[in-house]
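Take a look at the sequence and the structure below. The report that follows goes from the whole assembly to single residues.

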2 protein chains.
Amino acid sequence: MPLLGLLPRRAWAALLSQLLRPPCASCTGAVRCQSQGTRDLSPQHMVVREKILDLVISCFKRHGAKGMDTPAFELKETLTEKYGEDSGLMYDLKDQGGELLSLRYDLTVPFARYLAMNKVKKMKRYHVGKVWRRESPSIVQGRYREFCQCDFDIAGQFDPMIPDAECLKIICEILSGLQLGDFFIKVNDRRIVDGMFAACGVPESKFRAICSSIDKLDKMAWKDVRHEMVAKKGLAPEVADRIGDYVQCHGGVSLVEQMFQDPRLSQNKQALEGLEDLKLLFEYLTLFGIAEKISFDLSLARGLDYYTGVIYEAVLLQTPTQAGEEPLNVGSVAAGGRYDGLVGMFDPKGHKVPCVGLSIGVERIFYIVEQRMKTKGEKVRTTETQVFVATPQKNFLQERLKLITELWDAGIKAEMLYKNNPKLLTQLHYCESTGIPLVVIIGEQELKEGIIKIRSVASREEVAIKRENLVAEIQKRLSES
Amino acid sequence: MPLLGLLPRRAWAALLSQLLRPPCASCTGAVRCQSQGTRDLSPQHMVVREKILDLVISCFKRHGAKGMDTPAFELKETLTEKYGEDSGLMYDLKDQGGELLSLRYDLTVPFARYLAMNKVKKMKRYHVGKVWRRESPSIVQGRYREFCQCDFDIAGQFDPMIPDAECLKIICEILSGLQLGDFFIKVNDRRIVDGMFAACGVPESKFRAICSSIDKLDKMAWKDVRHEMVAKKGLAPEVADRIGDYVQCHGGVSLVEQMFQDPRLSQNKQALEGLEDLKLLFEYLTLFGIAEKISFDLSLARGLDYYTGVIYEAVLLQTPTQAGEEPLNVGSVAAGGRYDGLVGMFDPKGHKVPCVGLSIGVERIFYIVEQRMKTKGEKVRTTETQVFVATPQKNFLQERLKLITELWDAGIKAEMLYKNNPKLLTQLHYCESTGIPLVVIIGEQELKEGIIKIRSVASREEVAIKRENLVAEIQKRLSES
């Protein structure tokens with residue numbers, strides 16, 4: 001991926017300021033900004049997307065995942081009570097005399113529904129598709145209401161932490177492969193989060209609500225999160241302060257060891273299980289060679305209801321960091337975790353299938369790479385055309401059509417102008433502006449002599465070859481370049 | 001595409017009978033059949049789809065098309081009054097306090113909206129995406145309510161019939177490439193259809209309604225279509241009978257010549273323009289080498305409102321046809337036409353951008369290819385894993401993790417079992433059942449000697465190589481196979 005590389009410091013600053021503005025302010029050119037909060041993807045966008053998705057999908061395949069797809073909408077009841085406080089953001093379809101349907105909100109719940117419905121007990125799959133959330137663009141910045149997710153999940157009963165470690169390995173491979181600069185992955189465990197809540201004195205009925213508040217710590221300051229917990233969610237101030245002590249803690253495997261000694265946490269069975277698993281996880285991450293990318297972070301809570309074990313979130317750092325400067329948090333670009341109870345919610349007998357997975361935040365990655373290319377002034381070719389069929393003469397449409405048929409039928413990507421009598425200059429200009437490398441030129445003289453001229457657009461060199469060698473000669477040149 | 005080839009005669013009969021049954025009756029395995037008329041795509045489906053879409057997209061790119069995408073939903077007003085009688089089949093979103101939105105019904109209207117909104121006057125683009133139609137599965141057989149479309153369109157003011165001919169060339173390339181057996185493309189022109197209606201005495205206010213009836217001729221007998229026109233749409237019986245004479249006509253370019261002489265049609269200015277264009281079209285199709293695939297067919301009307309010129313529909317034939325047998329119509333697998341007025345409907349000043357395009361009916365093609373593979377008993381690999389990491393010994397998880405990391409980091413597609421102590425037989429069985437060609441085996445002896453065993457799953461041969469040569473050796477073997 002030669003397009004992707006490190007972004008200069010100034011570009012990051014510009015990028016960051018744009019990421020923090022609502023999307024409509026940062027849209028340009030062919031991007032539509034309708035009030036419904038979606039947008040069209042222009043050919044320029046599509047080229048960048050295709051490159052990034054190719055890299056992501058090839059990583060998923062490298063780890064043995066199968067492809068899968070589910071419909072854009074699900075029965076509304078399938079999606080309700082899965083997403084915590086975000087449930088209100090679902091797009092419902094109008095009742096037109098059938099079932100109540102909603103557009104899918106993520107790819108995880110449809111996957112769990114698929115496993116349960118087909119009684120699949122074991123599956124490693126990836127899924128790339130659109131999801132829809134009715135978020136207000138002015139509140140959640142830099143996001144659209146329709147966006148693409150790239151998910152990888154491992155379903156099945158296995159020995160602990162091996163699939164979980166692989167998910168983290170995959171995130172590392174993808175973020176390294178995309179050359180987005182330095183990153184790290186925050187890791188925690190829902191059982192540790194809940195254990196922490198219990199240890200701090202949060203009533204169990206408030207666990208998920210407080211979890212949602214904690215999840216906002218990457219966007220809000222602690223004092224605002226604390227205010228929400230106390231004023232809006234009725235938590236006692238001293239309980240909030242106890243939580244405040246914990247959520248400041250982050251570190252490597254040594255922090256895991258330290259938490260085993262924590263007088264409050266170590267009393268909690270759930271938290272202990274979580275800590276045991278994290279310890280084992282770090283062991284595997286070391287063998288995968290990625291332990292130094294991982295940070296055990298007690299402030300990580302993840303908003304969605306369905307997580308039951310390990311949770312994680314990858315964060316990009318501003319890069320390169322100058323001496324004496326704090327690395328700047330550019331935001332989450334991948335996340336996931338373990339959800340052992342979700343499939344059971346769809347099974348009539350409640351049979352569980354443990355799952356762990358990850359989702360790559362490709363929209364943010366698309367945006368970062370697009371901005372970087374803009375900053376560098378990189379031009380993207382939006383077509384792959386290899387050869388242009390031209391003529392300097394009038395009344396040569398028939399010959400051009402015959403010639404281009406020969407190229408197409410040989411699998412060569414070819415274009416011509418849809419005009420009876422185009423000017424040669426117009427034809428050559430089209431090649432230059434769209435980046436087509438070769439031109440084949442036919443005229444009366446060439447026709448009489450049974451030859452064709454091949455012109456290199458870059459060097460402007462022209463050579464004459466025998467007409468019957470045309471396809472072979474072009475294939476040779478294309479394979480050389 | 002070695003998977004695709006001719007289908008034996010008996011298989012076609014079985015296939016046809018299934019195509020004519022509602023989809024729920026023909027679903028098997030991992031396919032979901034919910035009453036909302038959608039389905040999940042299993043990994044097996046996805047492999048077939050990927051192959052077919054790759055071929056389709058590479059043809060579109062060969063003809064110089066750019067990629068593009070639009071949101072799944074549009075403002076409802078964008079979609080209304082574009083689809084004729086089918087408009088009632090649109091999925092509306094619930095009014096949740098924003099604009100009124102509907103799921104897109106095809107990819108053509110969003111493309112026209114995109115061109116107008118961005119003032120694009122010229123563009124050759126392809127678009128692969130889902131569309132949604134609330135069709136009753138029991139009425140329209142063999143269809144789902146969510147399905148994939150593959151569209152190619154050329155927008156812009158060009159010399160007549162050159163882009164139109166290229167669209168037909170593309171359909172031929174794709175259908176030939178997919179090896180679906182023999183096919184032909186019906187061609188007509190909306191101006192000839194309208195001219196025929198005028199010549200037969202259809203009141204102009206009934207043109208589109210009668211057009212919709214004619215469009216059903218591939219699914220209904222003439223007498224039923226005639227009944228609909230007379231009894232439901234109030235057409236005079238003698239007018240219907242005059243139409244009946246025309247819609248029986250089909251043939252090659254000679255039929256075009258013949259229609260120029262038709263006493264009624266030749267009086268009609270519109271029809272004459274259409275005939276002139278068809279004549280030119282056939283000239284270009286001959287140069288493209290596809291004229292013998294094209295049939296001028298006066299029964300072709302196309303249901304959608306927006307067509308203004310040439311229209312076409314590709315039909316598969318049963319293959320191979322035995323002597324003395326009628327070729328059997330398997331149904332439309334590609335269609336399209338010219339729509340010069342659609343973009344202008346979205347432009348505030350009504351500025352027109354002439355367009356012509358095509359849509360490949362990939363769902364039906366997916367189904368045909370899947371059935372053919374089933375008939376032939378072809379097995380599909382749903383993963384691309386190249387190497388499996390195995391051990392015959394207990395307590396070797398650490399070594400397996402280190403080994404697989406080496407492979408992943410070298411870009412090799414590798415898997416292992418997520419168990420601390422799997423049995424060797426289980427591991428080898430996994431490779432056989434999933435089609436993984438190579439196994440690398442590590443045990444105590446190997447570790448001590450600094451070697452690794454490589455096993456070919458097919459031949460069961462094992463060779464020992466030096467540990468440090470592992471990646472190079474595997475890459476060599478993979479490039480040879």
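## Two copies

Chain A can be laid on chain B with an RMSD of 0.0 Å, using a turn of 180 degrees and a shift of 0.0 Å along the axis. The two copies are thus related as by a two-fold rotation axis. The same surface serves both: 99% of the contact residues of chain A recur in chain B. Keep in mind that this is a predicted model.

## Chain A as a whole

Chain A has 18 helices and 16 strands. Of its 481 residues, 57% count as buried. Now take the contacts in chain A with a separation of 6 or more. Residues 24 or more positions apart account for 68% of them.

An unreviewed UniProt entry places the feature "binding site" at nine positions in chain A: Asp106(A), Leu107(A), Thr108(A), Arg133(A), Gln149(A), Asp153(A), Arg302(A), Tyr306(A) and Tyr307(A).

Arg133(A) sits in the loop between β4 (123-132) and β5 (146-155) of chain A. Its relative accessible area is 12%, under the 20% cut-off, so Arg133(A) is buried. The side chain of Arg133(A) reaches the backbone oxygen of Tyr105(A) at 2.9 Å. Beyond its neighbours within four places in sequence, Arg133(A) is in contact with Leu89(A), Tyr91(A), Tyr105(A), Asp106(A), Arg145(A), Phe147(A) and Gln149(A). Asp106(A) and Gln149(A) are also among the positions in the UniProt feature.

Arg302(A) belongs to the loop between β8 (294-297) and β9 (310-317) of chain A. Is Arg302(A) buried or exposed? It is buried, with a relative accessible area of 14%. Leaving out residues up to four places away in sequence, Arg302(A) touches several residues, including Arg190(A), Cys211(A), Asp215(A), Tyr307(A) and Glu313(A). Tyr307(A) is another position named in the UniProt record.

## Helix α12 of chain B

Helix α12 of chain B covers residues 269-287. At 1.5 Å a residue, its 19 residues should span 27 Å. The end C-alpha atoms are 28 Å apart, which agrees.

At the start of α12(B), a side-chain oxygen of Asn268(B) comes to within 3.1 Å of the backbone nitrogen of Gln270(B). Just after the helix, Gly289(B) takes a positive phi of about 75 degrees. Buried residues in α12(B) include Ala271(B), Gly274(B), Leu275(B), Leu278(B), Leu281(B), Phe282(B) and Leu285(B). An α-helix has 3.6 residues a turn, so residues three or four places apart point the same way.

## A five-stranded sheet in chain B

Chain B holds an open sheet of five strands in the order β13-β12-β14-β15-β16, with mixed pairing. Its edge strands are β13 (414-415) and β16 (462-466), each pairing on one side only.

Strands β12 (residues 387-390) and β14 (residues 438-441) of chain B pair in the parallel sense, over four bridges. Phe388(B) stands opposite Val439(B) in β14(B).

## Glu446 of chain B

Glu446(B) lies in helix α17 (residues 444-449) of chain B. At 6% relative accessibility, Glu446(B) counts as buried. What lies 2.9 Å from a polar atom of the side chain of Glu446(B)? The backbone nitrogen of Gly443(B) does.

Leaving aside its neighbours within four places in sequence, Glu446(B) is in contact with Ile441(B), Ile451(B), Ile452(B) and Lys453(B).

Technical notes. Residues are numbered from 1 along each chain as its sequence is written. Chains are lettered from A and ligands numbered from 1 in the order in which they are written. This is a predicted model: local features need pLDDT of at least 70, side-chain atom pairs count only at pLDDT 80 or more; totals for chains, interfaces and linings use all residues. Side-chain values use heavy atoms; hydrogens and water are left out. Helices (H or I, at least four residues) and strands (E, at least two) are DSSP runs, numbered from the N terminus. The expected span of a helix is 1.5 Å times one less than its number of residues. Buried means under 20% relative accessible area, exposed over 50%, partly exposed in between (1.4 Å probe, protein chains only). A polar contact is a pair of N or O atoms within 3.5 Å; within protein, one must be able to donate a hydrogen and the other to accept it, and residues adjacent in sequence count only if both atoms are side-chain atoms. UniProt positions are given in the numbering used here, feature names are shortened, and annotations may be inferred rather than shown by experiment. Contact means heavy atoms within 4.5 Å. Copies are superposed by least squares on the C-alpha atoms of residues with pLDDT of at least 70 in both. Two strands pair if DSSP finds at least two bridges between them.
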